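Here are a few friendly notes for you to read beside the coordinates. Please keep the viewer open and follow along point by point.

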Amino acid sequence: MRILLLEDDARLGPWLKKNLTDGGNITDLFSDGIRAELAIKKINYEILIIDRMTPGIDGLSLVKKIRSEGNNIPVIFLTALNEIENRLEGFEAGADDYLAKPFSFDELVSRINAISKRSINKKELNIETIKSGDIELDLIKRICFRQRKKIELNNKELTLMEYFIRFEGKKVTKAMLLELVWNINFDPTTSIIETHISRLRSKIEKPFQDRLIKTVRGSGYVYTPKKNI
């Protein structure tokens with residue numbers, strides 16, 4: 001696996017690179033975000049491991065930038081910032097996972113393998129697209145279409161839509177969404193789900209003047225597709 005590692009700690013960075021390389025990976029280590037960004041544009045990495053606090057371009061800004069450019073390569077944040085607000089910021093920026101320092105190297109490897117396995121399974125099983133009513137998701141290219149029109153969704157919005165389709169007609173609780181989409185335990189004080197669903201609705205419902213995602217007051221949501229005529 002080709003991995004980009006952005007870590008400016010003079011001891012941790014080389015140690016991680018050695019252990020990842022010893023595990024059979026090709027690991028490119030960068031200590032500043034500017035050089036890392038240039039490498040991402042030139043090399044087809046399979047996963048990015050990003051520290052949030054780095055010189056040049058900080059890790060959070062870097063991930064936001066590559067996501068805005070349509071790059072959906074898997075990202076794991078590896079950082080000392082571990083408050084719930086920090087984790088939500090990371091997922092909001094487009095991270096696929098978030099691991100706090102200090103951490104177990106075995107856990108990092110496990111998370112890398114889990115992300116890699118999900119990607120491989122989709123390809124092997126030819127699960128490239130899923131359809132529901134007049135909505136189609138390309139899970140490999142991370143693109144959404146409705147009535148054959150491309151809808152611009154960010155990574156988390158598309159993942160939300162994917163789970164709504166998979167649980168079509170069934171109630172999906174807020175706790176389920178936090179765990180499935182953001183990989184965090186339920187926090188009743190966070191509004192991240194409401195914020196993302198509001199944005200998702202504005203993109204897949206408002207232009208078509210209908211309602212697909214219905215709120216179940218106090219507990220969750222139910223997605224009901226518009227049937228093709």
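This is a predicted model: local features need pLDDT of at least 70, side-chain atom pairs count only at pLDDT 80 or more; totals for chains, interfaces and linings use all residues.

1. **The four-stranded sheet.** With that criterion in hand, have a look at the open sheet built from four strands, which run in the order E6-E7-E8-E9 with antiparallel pairing. Strand E6 (129-132) and strand E9 (149-151) are the edge strands; each has a single partner strand, so one side of each has no neighbour in the sheet. On average, and ignoring direction, neighbouring strands here are turned by 25° against each other.

2. Strand E8 (residues 143-146) is joined to E9 by three bridges in the antiparallel sense.

3. **A glutamate in H6.** Is Glu 162 buried or exposed? This residue belongs to helix H6, and its relative accessible area is 7%; it counts as buried because that value is under the 20% cut-off.

4. **H6 against H7.** At what angle do the axes of H6 and helix H7 (residues 174-182) cross? The crossing is at roughly 125°, and the axes come within 10 Å. The two helices are therefore oblique to each other, and H6 passes H7 in a right-handed crossing. From H6, the contact draws on Lys 156, Thr 159, Leu 160, Tyr 163 and Phe 164, while H7 supplies Leu 177, Leu 180, Val 181 and Trp 182. Sorted by class, the contact has seven nonpolar residues, one polar and one charged.

5. **H2 against H3.** Now please turn to helix H2 (residues 33-42) and helix H3 (residues 59-68), whose axes come within 10 Å and cross at roughly 25°. These helices are therefore roughly parallel to each other, and H2 passes H3 in a right-handed crossing. On the H2 side you will find Gly 33, Ala 36, Glu 37 and Ile 40, which meet Leu 62, Lys 65 and Ile 66 of H3. By class, this contact has four nonpolar, one polar and two charged residues.

6. Which residues of helix H4 (residues 84-93) are buried? They are Asn 86, Arg 87, Leu 88, Gly 90, Phe 91 and Ala 93. Their cover includes H3, strand E4 (75-79), strand E5 (97-100), H6, H7 and helix H8 (192-204). Do check the backbone just after H4, where Gly 94 takes a positive phi of about 125°.

7. **Ile 26.** Last, a residue from strand E2 (residues 26-30), namely Ile 26. Leaving aside residues up to four places away in sequence, Ile 26 touches Met 1, Arg 2 and Ile 3. Ala 100, 74 residues from Ile 26 in sequence, lies 23 Å from Ile 26 in space, C-alpha to C-alpha.

Note on methods
Residues are numbered from 1 along each chain as its sequence is written. Side-chain values use heavy atoms; hydrogens and water are left out. Axes are lines fitted to C-alpha atoms, for helices over the stretch in contact, and angles run from 0 to 180 degrees between N-to-C directions. Angles under 35 degrees count as roughly parallel, over 145 as roughly antiparallel, 65 to 115 as roughly perpendicular and the rest as oblique. A crossing is left-handed if the near helix is turned anticlockwise from the far one by less than a right angle, and right-handed if clockwise. Contact means heavy atoms within 4.5 Å. Ala, Val, Leu, Ile, Met, Phe, Trp, Tyr, Cys and Pro count as nonpolar, Asp, Glu, Lys and Arg as charged, and the others, Gly among them, as polar. Two strands pair if DSSP finds at least two bridges between them. Buried means under 20% relative accessible area, exposed over 50%, partly exposed in between (1.4 Å probe, protein chains only).
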